[in-house]
Amino acid sequence: MSNGVLKSGPGAIALPRSASPLVKAKQLLYAHFERPDLDMTERYLVDFGLVQAMRSENELFMRGTGTAPYIYRVTRGRNARFLGMGLSVPNAEDLELLARRFGSRVERAPGPGSGAVVHLRDPDGVAVHVHHGFVESEPLVVRAQILHNAPSLTVRVNDTQRPKLEPPQVTKLGHLVLETPDFNRSVRWYMDTFGFIPSDVMCLADGTPVGSFTRLDRGSEPTDHHTVFIAMGMESKVDHVAFEVVDLDAVEMGQQVLMAKPYRHAWGVGRHLLGSQIFDYWRDPWGQKHEHYADGDLFDAAQPPGYHLMDRGGLYQWGPDLPDDFIDARMTPARLWRVLKLSIKDKARVKLLLALKNSMARPGRQWQR
Ligand SMILES: [Fe+2]
């Protein structure tokens, strides 16, 4: 197994933090999707472990057990597509600053919690809604974590392990994975605008960065290893959205519950390498990947970035082999057309995309060769 660390070759090209970001985002609040059927969407999300916070004819807001008023917003529409994300900032002045810088304005936020919001677009046109001053929700009671006996630690005697077979409680939206045709432009925008800092940077064999796990800068306060993972891809899209659950049993119970329903499993259970989460991926009725995870790494702002090879083996420490359809590398007519157009105006990017495709096509494990 490759641990993905760049050890030889020309070395990685550094991806420096922003020296003076415009603001520092405090929290990833929610993902926003358009879906043609709110009933079907809600059924999936409830089976996945989310709880309805508010629903109207054309809008659905779902929450976790934490204080965020909602962590998933769905708008009824003709298409099934990703619409954007919500972030929060610590100060009202941050909203004013963002509005001035991007020619937007501060508005009253829709949905639970209300407060103020500024609507922005990232360089690929993904909507980023920046919130402040919303009313936090009362946290929901989280079921007690089960206690684990270990050879050196006895915590349970004359008692058994019987976790309930039910959807796992989702504590929060942990991260989003965004693909972008222009990695440098996109990652710089998120770092320069919101102060995201690279935790682990993924590179091609020649050291060119093509992906970065980025986290919030909350100073000495530990924060998730990644809140937004940005990676080079054929087009702008969200690869998956990830939700935290309390522990390994919750991840496995999620699988038991979803297995009994007409949903498609994507990958898991396994443990990631970068970020260390125990993961399990499921597809919603429209094929969108949703991740349950537990036991992720927490870094404070002092932790320096790591640099690694972008390959399949580096995606997990243990678990089932990565299924081929987990990374959608199909050459559809639309993609072929895009590559043809790119080959005329930006040959260097086509070269990078091909190198990335080859890197991700290499088997992740020795027994797959
Ligand atoms: Fe993930």
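The buried residues of helix H3 are Phe 183, Ser 186, Val 187, Trp 189, Tyr 190, Met 191, Thr 193 and Phe 194. Buried means under 20% relative accessible area, exposed over 50%, and partly exposed in between, with a 1.4 Å probe and protein chains only. Helices (H or I, at least four residues) and strands (E, at least two) are DSSP runs, numbered from the N terminus. The model is predicted: local features need pLDDT of at least 70, side-chain atom pairs count only at pLDDT 80 or more, and totals for chains, interfaces and linings use all residues. Residues are numbered from 1 along each chain as its sequence is written, and side-chain values use heavy atoms, with hydrogens and water left out.

H3 has 12 residues. Its first and last C-alpha atoms are 16 Å apart, close to the 16 Å expected at 1.5 Å a residue. The expected span is 1.5 Å times one less than the number of residues. Gly 195 follows H3 and has a positive phi, near 75°.

The largest nonpolar core holds 75 residues. Such a core is a set of buried Ala, Val, Leu, Ile, Met, Phe, Trp, Tyr and Cys residues joined through side-chain atoms within 4.5 Å. Leu 50, Val 128, Tyr 190, Phe 194 and Phe 243 touch the most other members. Helix H3 (residues 183–194) gives the largest share of this core, 6 residues. Apart from this core lies another, of 7 residues, among them Trp 267, Phe 279, Tyr 281 and Phe 326. Not counting residues up to four places away in sequence, Tyr 190 touches Met 85, Asp 122, Val 128, Leu 178, Gly 195, Phe 196 and Ile 230. Contact means heavy atoms within 4.5 Å.

His 175 lies in strand S9 (residues 170–180) and His 240 in strand S14 (residues 237–245), so the pair ties together parts that are 65 residues apart in sequence. Both His 175 and His 240 are buried. Donors are N, O and S atoms within 2.8 Å of the metal (3.2 Å for Na, K and Ca); water is not among the atoms, so sites may look incomplete.Helix H4 (residues 248–259) also has 12 residues and reaches 16 Å from its first C-alpha to its last. Its buried residues are Ala 250, Val 251, Met 253, Gly 254, Gln 255, Val 257 and Leu 258. What covers them includes helix H1 (38–48), S14, strand S15 (264–272), strand S16 (278–283) and strand S17 (289–294).

The largest pocket has a volume of about 830 Å³. Of its 42 lining residues, the closest to its centre are Glu 179, Met 232, Met 310, Ile 327 and Met 360. The elements that give two or more residues to the lining are S9, strand S13 (228–232), S14, S15, S17, helix H5 (333–345) and helix H6 (347–361). H6 gives the largest share, 7 residues. The whole structure also has 3 cavities of 30 Å³ or more. About 60 Å³ of space lies in the largest cavity. Its lining includes Leu 29, Tyr 30, Pro 69, Tyr 70 and His 131. On a 1 Å grid over the protein atoms alone, a cavity is a set of points where a 1.4 Å probe fits but cannot get out, and a pocket is an open set with protein on both sides within 12 Å along at least five of seven lines; lining residues have an atom within 4 Å of a point. Grid points are joined across faces, edges and corners, and a volume is the space filled by probe spheres set on the points.

Arg 73 is found in strand S4 (residues 72–76). Its relative accessibility is 12%, so Arg 73 counts as buried. Beyond its neighbours within four places in sequence, Arg 73 is in contact with residues including Tyr 30, Phe 33, Glu 59 and Pro 110.

Several backbone features remain. A cis peptide bond joins Gly 268 and Val 269, with omega about 0°. Val 269 lies in strand S15. Ser 276, in the loop between S15 and S16, has a positive phi of about 65° although it is not a glycine. Ser 276 counts as buried because its relative accessibility is 14%. Asp 295 lies in the loop between S17 and S18, and its phi is positive, near 60°. Asp 295 is partly exposed, at 48% relative accessible area. Asp 297 is found in the loop between S17 and strand S18 (298–299). Leaving aside its neighbours within four places in sequence, Asp 297 is in contact with Thr 223, Asp 224, His 225, Gly 275 and Ser 276.
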